[in-house]
Amino acid sequence: NRYMQPSTLPMKGDFGAAPVAAERQMYEAELSKVRKENSFLKDQVSRLVSELRDYQVQFPYANAGGGTTAPLDLPPWMANEDLMSPLFSAYDSRLSELSAITEKQRLALDAFGEQ
């Protein structure tokens, strides 16, 4: 029998509903992933801009050279929050530790200068 049986024919309005739902779910999952990556990258940019601003205030005469640079071809793991978050946590912890040491030494220096 080369013709479809009536029971296997799609009902009116039922053309591809299951594949459309599956495709929609796939796109929503991808959209969620892209939004999470976007948020993570915005945080990275914010951190880098802050560090660059501090560096430029500290060394106003330093210039990395004018002009444009070629776009970076970053490896995919650089945008992976699961891989980079522990690194940033360790970095933030180390910055806090160094800031505390610097403040302690500044206070000790001030106290020594008052003697």
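This is a predicted model: local features need pLDDT of at least 70, side-chain atom pairs count only at pLDDT 80 or more; totals for chains, interfaces and linings use all residues.
View 1. Two aromatic pairs are found in a search of the whole structure. One of them joins Phe40 and Phe88 in a tilted arrangement, with 5.9 Å from centre to centre and 45° between the planes.

View 2. Tyr55 is partly exposed, its relative accessible area being 43%. Phe59 is also partly exposed, with a relative accessibility of 26%.

**View 3. Arg47 over the ring of Phe88.** Arg47 is positioned over the face of Phe88, at 4.8 Å from the ring centre. The side chain of Arg47 also meets that of Asp43 in a salt bridge, with an N to O distance of 3.1 Å. Arg47 and Asp43 are four residues apart in helix H1, so about one helical turn separates them. Both partners are partly exposed: Arg47 has a relative accessibility of 25%, and Asp43 one of 35%. A network of salt bridges links Asp43, Arg47 and Asp92.

**View 4. Salt bridge between Glu97 and Arg94.** The count for the structure comes to six salt bridges, including the one between the side chains of Glu97 and Arg94, at 2.6 Å from N to O. These two residues lie three positions apart in helix H2, which means a separation of about one helical turn. Glu97 is partly exposed, with a relative accessible area of 39%; Arg94 is partly exposed at 43%.

**View 5. Salt bridge between Asp110 and Arg106.** The side chains of Asp110 and Arg106 form a salt bridge with an N to O distance of 2.8 Å. Asp110 and Arg106 are four residues apart in helix H2, and about one helical turn therefore lies between them. Asp110 counts as partly exposed at 36% relative accessibility, and Arg106 is partly exposed with a relative accessible area of 40%.

Technical notes. Residues are numbered from 1 along each chain as its sequence is written. Side-chain values use heavy atoms; hydrogens and water are left out. Rings of Phe, Tyr and Trp (its six-membered ring) pair if their centres lie within 6.5 Å; planes under 30 degrees apart count as stacked, over 60 as edge-to-face and the rest as tilted. Buried means under 20% relative accessible area, exposed over 50%, partly exposed in between (1.4 Å probe, protein chains only). A charge sits over a ring if NZ of Lys or CZ of Arg is within 6 Å of the ring centre and within 35 degrees of the ring normal. A salt bridge is a side-chain nitrogen of Lys or Arg within 4 Å of a carboxyl oxygen of Asp or Glu.
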